[in-house]
Amino acid sequence: MLSVDMENKENGSVGVKNSLENGRPPDPADWAVMDVVDYFRTAGFEEQASAFQEQEIDGKSLLLMTRNDVLTGLQLKLGPALKIYEYHVKPLQTKHLKNNSS
């Protein structure tokens with residue numbers, strides 16, 4: 001992991017030091033819209049990643065998404081939408097809650 005000064009992020013934070021994982025802050029709540037897009041592109045959802053960009057879904061928004069939001073709000077095909085929610089959004093939410101509940 002690298003320690004990097006992240007400046008002029010889309011969410012407005014400037015000069016915040018974060019440890020990065022694959023170019024993204026480790027806590028999804030700190031992800032900018034492009035971090036979310038890059039995450040889904042890296043996960044193999046190249047086409048669907050653009051929906052997150054169009055809807056301006058940042059990390060905080062991603063962690064608030066419900067199954068219905070992913071299945072209907074992003075206007076994705078049902079198969080990829082189910083996989084995105086079950087294998088990515090839901091586990092990220094669970095991990096975030098677990099890490100921040102103590």
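Q: Which residue just after H1 takes a positive phi?
A: A quick word on the model first: it is predicted, so local features need pLDDT of at least 70, side-chain atom pairs count only at pLDDT 80 or more, and totals for chains, interfaces and linings use all residues. Residues are numbered from 1 along each chain as its sequence is written, and side-chain values use heavy atoms, with hydrogens and water left out. Helices (H or I, at least four residues) and strands (E, at least two) are DSSP runs, numbered from the N terminus. Just after helix H1, the residue with a positive phi, of about 100 degrees, is Gly44.

Q: In what order do the elements of the protein run from the N terminus on?
A: The protein has five helices and two strands. Reading from the N terminus on, the order is β-β-α-α-α-α-α.

Q: What percentage of the residues of the protein count as buried?
A: Here buried means under 20% relative accessible area, exposed over 50%, and partly exposed in between (1.4 Å probe, protein chains only). The protein has 102 residues, and the share of them that count as buried is 37%.

Q: Which helices do the buried residues of H1 pack against?
A: Helix H1 covers residues 33–42, and its buried residues are Val33, Asp35, Val36, Val37, Tyr39 and Phe40. Contact means heavy atoms within 4.5 Å. The buried residues of H1 pack against H2 (46–54), H3 (59–64) and H5.

Q: Which residues touch the most other members of the largest nonpolar core?
A: A nonpolar core is a set of buried Ala, Val, Leu, Ile, Met, Phe, Trp, Tyr and Cys residues joined through side-chain atoms within 4.5 Å. The largest one has 24 residues, and those touching the most other members are Phe40, Phe52 and Leu62. As for where this core comes from, at least two residues are supplied by each of H1, H2, H3, H4 and H5.

Q: Is Leu62 buried or exposed?
A: Leu62 is found in helix H3. Leaving aside neighbours within four places in sequence, Leu62 is in contact with Trp31, Val36, Phe40, Phe52, Ile57, Val89, Leu92 and Gln93. Its relative accessibility is 0%, so Leu62 counts as buried.

Q: How far apart are the C-alpha atoms of Leu62 and Phe52?
A: Not counting residues up to four places away in sequence, Phe52 touches Val33, Val36, Val37, Phe40, Ile57, Leu62, Met65, Leu74 and Ile84. Leu62 and Phe52 are ten residues apart along the chain, and their C-alpha atoms are separated by 8.9 Å.

Q: Is Lys60 buried or exposed?
A: Lys60 also has its place in helix H3. Beyond its neighbours within four places in sequence, Lys60 is in contact with Pro28 and Ala29. With a relative accessibility of 52%, Lys60 counts as exposed.

Q: Where does H5 bend?
A: H5 bends by about 35 degrees, and the place is Tyr85.

Q: Which backbone oxygen does the side chain of Gln93 reach?
A: Gln93 lies in H5 (residues 78–100) and is buried, with a relative accessible area of 13%. Not counting residues up to four places away in sequence, Gln93 touches Leu62, Leu63, Leu64, Met65 and Tyr85. At 2.7 Å, its side chain reaches the backbone oxygen of Met65.

Q: Where is Glu56, whose phi is near 55 degrees?
A: Most residues other than glycine have a negative phi. Glu56 has a positive value instead, near 55 degrees. Glu56 is exposed, with a relative accessible area of 60%, and is found in the loop between H2 and H3.

Q: Is Gln75 buried or exposed?
A: Gln75 is found in the loop between H4 and H5. Phi of Gln75 is positive, near 55 degrees, in a residue other than glycine. At 71% relative accessibility, Gln75 counts as exposed.

Notes. Polar contact = N/O pair within 3.5 Å; in protein donor to acceptor, adjacent residues only side chain to side chain. Bend = angle between axes of the 7 residues up to and from the residue.
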